[in-house]
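Biologist: I am new to this structure. Please pick a single part and take a close look at it, after setting it in the whole.

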Amino acid sequence: MTRAVNRYGLSFHHFGLAVREEAPARLFLEGLGYRVDPLITDPEQNVQVSLARAPGLPTIELVLPTEVPGPLTSVLKGRDSNIYHSCYVTDDAEASLAAIAADELPHTEVSASKPAVLFGGAPVSFHYVSGFGLIELIHRNGSLTIANV
């Protein structure tokens, strides 16, 4: 079987699950065999976050709103939870986005690069890729070692 070449230089990292309450999501994930880290607050992103990991299963980032309205306001409008983004690690975000554009997939920056507490201060950015959805990019930038990556 021939494997497709990754033209975008992206490595899958996690799915982002927005939830209003941690307890039901944690209970379900633990029931599936996930180990769920404690929640931490990321003031730059204006969210509370935690990673859930299990052998052989995709990593899930739990993302909860803070007391201040922020990026999850529209994501959770009318619902308690929503898988709303997929996340990828890149060594060169600019080249990755250029390669996506070269495939005639329009994309829009939703949130500019800023440090993420969950990933040891590594910068992350969010982009909407037309026909695919919201992606988060963790900018590894060469030899930088990222916590939780």
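Modeller: Among the contacts in the chain with a separation of 6 or more, 57% join residues 24 or more positions apart. Contact here means heavy atoms within 4.5 Å. This is a predicted model, so local features need pLDDT of at least 70 and side-chain atom pairs count only at pLDDT 80 or more, while totals for chains, interfaces and linings use all residues. Residues are numbered from 1 along each chain as its sequence is written, and side-chain values use heavy atoms, with hydrogens and water left out.

The chain has three helices and nine strands. Their order along the sequence is β-α-β-β-β-β-α-β-α-β-β-β. The radius of gyration is 16 Å, close to the 15 Å of the globule rule for 149 residues, so the chain is as compact as a globular protein of that length. That radius is taken over C-alpha atoms, and the rule is 2.2 Å times the number of residues to the power 0.38. Helices (H or I, at least four residues) and strands (E, at least two) are DSSP runs, numbered from the N terminus. The C-alpha atoms fill a box of roughly 40 × 35 × 30 Å along the principal axes. Of the 149 residues, 41% are buried. Buried means under 20% relative accessible area, exposed over 50%, and partly exposed in between (1.4 Å probe, protein chains only).

Now the close look: helix α3. This helix spans residues 93-102, and its buried residues are A93, S96, L97, A99 and I100. Down the axis of α3, they fall within an arc of 155°, so they line one face of the helix. The arc is that of the directions from the helix axis to the C-beta atoms.

The face turned away from the buried side carries E94 and A102, which are exposed. After α3 comes E104, with a positive phi near 60°.

Strand β7 runs over residues 107-115 and holds S111. S111 is buried, at a relative accessible area of 16%. Neighbours within four places in sequence aside, S111 is in contact with S125 and F126.
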